[in-house]
Amino acid sequence: MRLLETNSLTAGYGDSRAISSISLAIDPGEVLAIVGANGAGKSTLLRVIAGAHQPTAGRVEFRGQDVSKLRDFQRNRLGISLVPEGRRLFASMTVGENLAVGAGSGRKGQWNIDAVVEAIPMIKSLLKRNASTLSGGQQQAVAIGRSLMSNPEVLLLDEVSLGLAPIIIDELYRSLAVVQKSGLGIILVEQDLARTVSVADRIVCMLEGHNVLEGTPAQLTHKQITDAYFGHAIASFADGGPADARGD
Ligand SMILES: Nc1ncnc2c1ncn2[C@@H]1O[C@H](COP(=O)(O)OP(=O)(O)OP(=O)(O)O)[C@@H](O)[C@H]1O
Ligand SMILES: [Mg+2]
């Protein structure tokens with residue numbers, strides 16, 4: 001049984017389809033990276049997994065249980081936590097209060113404020129600061145910390161590094177490595193291909209809502225990934241399905 005699995009997940013907005021028949025799975029301690037150009041459907045996929053957006057077809061399974069009908073807060077209680085694009089902290093609260101909100105899932109586990117500060121040292125000096133005064137990188141650190149406070153088994157991260165300075169991104173990714181070692185399954189959306197290849201156990205490339213390429217960093221060449229990213233692989237996808245585009 002996989003930790004989390006999607007089966008032919010399809011979703012959209014009104015009449016327009018954003019993701020088409022996406023099937024993927026992760027195990028504990030694994031990092032699955034989703035890459036793809038703007039509008040490829042990456043955020044929609046994460047939101048559907050988290051229960052923040054309803055699919056029109058397909059299923060999300062968590063430890064073998066179909067959670068497709070559950071609301072986002074119910075999935076959070078089961079152990080699925082989304083760090084959304086744009087971070088969305090509570091601006092009128094302190095960092096410590098934002099972290100406390102994360103604990104509202106009521107799940108027991110290893111993550112509390114001390115554990116979060118140890119994994120993400122950047123947060124330590126910020127606990128009493130108002131969230132509205134934080135830099136982008138600090139906000140991202142707190143958003144990740146807040147998710148951890150819910151003691152998730154699956155962490156969904158949407159564009160951790162967007163708009164941040166490389167030195168901050170390095171620091172955040174060092175923290176994510178610590179988090180991964182604790183055994184969480186992580187699905188992360190990342191625009192930075194080099195970084196994706198360095199952290200991911202497996203990579204899924206999305207193009208116009210489809211999974212057009214999937215494999216381990218060792219199986220995929222840089223060219224295959226960039227071709228899939230920019231759409232050059234769509235011809236082989238249309239010919240024979242995503243298996244044709246695989247590097248294995
Ligand atoms: N709230 C919305 N209402 C209508 N259409 C939307 C909405 N959110 C996304 N879309 C559309 O759905 C498709 C997928 O968008 P999505 O945000 O999932 O892509 P993405 O891969 O996360 O893109 P980005 O890299 O820009 O974040 C796009 O065509 C987008 O315009
Ligand atoms: Mg997005």
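Predicted model: local features only at pLDDT ≥ 70, side-chain atom pairs only at ≥ 80, totals over all residues.
1. Residues are numbered from 1 along each chain as its sequence is written, while chains are lettered from A and ligands numbered from 1 in the order in which they are written.

2. The chain has nine helices and 10 strands, taken as DSSP runs numbered from the N terminus (helices are H or I, at least four residues; strands are E, at least two). Its radius of gyration is 18 Å, close to the 18 Å from the globule rule for 248 residues, so the chain is as compact as a globular protein of that length. That radius is taken over C-alpha atoms, and the rule is 2.2 Å times the number of residues to the power 0.38. The C-alpha trace spans about 55 × 40 × 35 Å along its principal axes.

3. Helix 1 (residues 42-50) is mostly covered, with nine of its nine residues buried. Among them are K42, R47 and I49. After this helix comes G51, with a positive phi near 90°.

4. Helix 3 (residues 95-102) packs with helix 5 (residues 136-148) at an angle of about 35°, and their axes are 6 Å apart. Axes here are lines fitted to C-alpha atoms over the stretch in contact, with angles from 0 to 180 degrees between N-to-C directions. On the helix 3 side, V95, N98, L99, V101 and G102 meet V142, G145, R146, S147 and L148 of helix 5; contact means C-beta atoms, placed from the backbone, within 7 Å.

5. Now to the strands, where pairing requires at least two DSSP bridges. Strand 1 (residues 4-13) pairs with strand 4 (residues 57-62) in the antiparallel sense over five bridges, and R59 in strand 4 is the bridge partner of N7. Strand 4 is also joined by two bridges to strand 5 (residues 65-66), again antiparallel, with E61 opposite D66 in strand 5. The hairpin of strand 4 and strand 5 has two residues between the strands, and R63 takes a positive phi near 50° there.

How values were computed. Contact = placed C-beta atoms within 7 Å. Buried ≥ 20, exposed ≤ 12 C-beta atoms within 10 Å, placed from the backbone.
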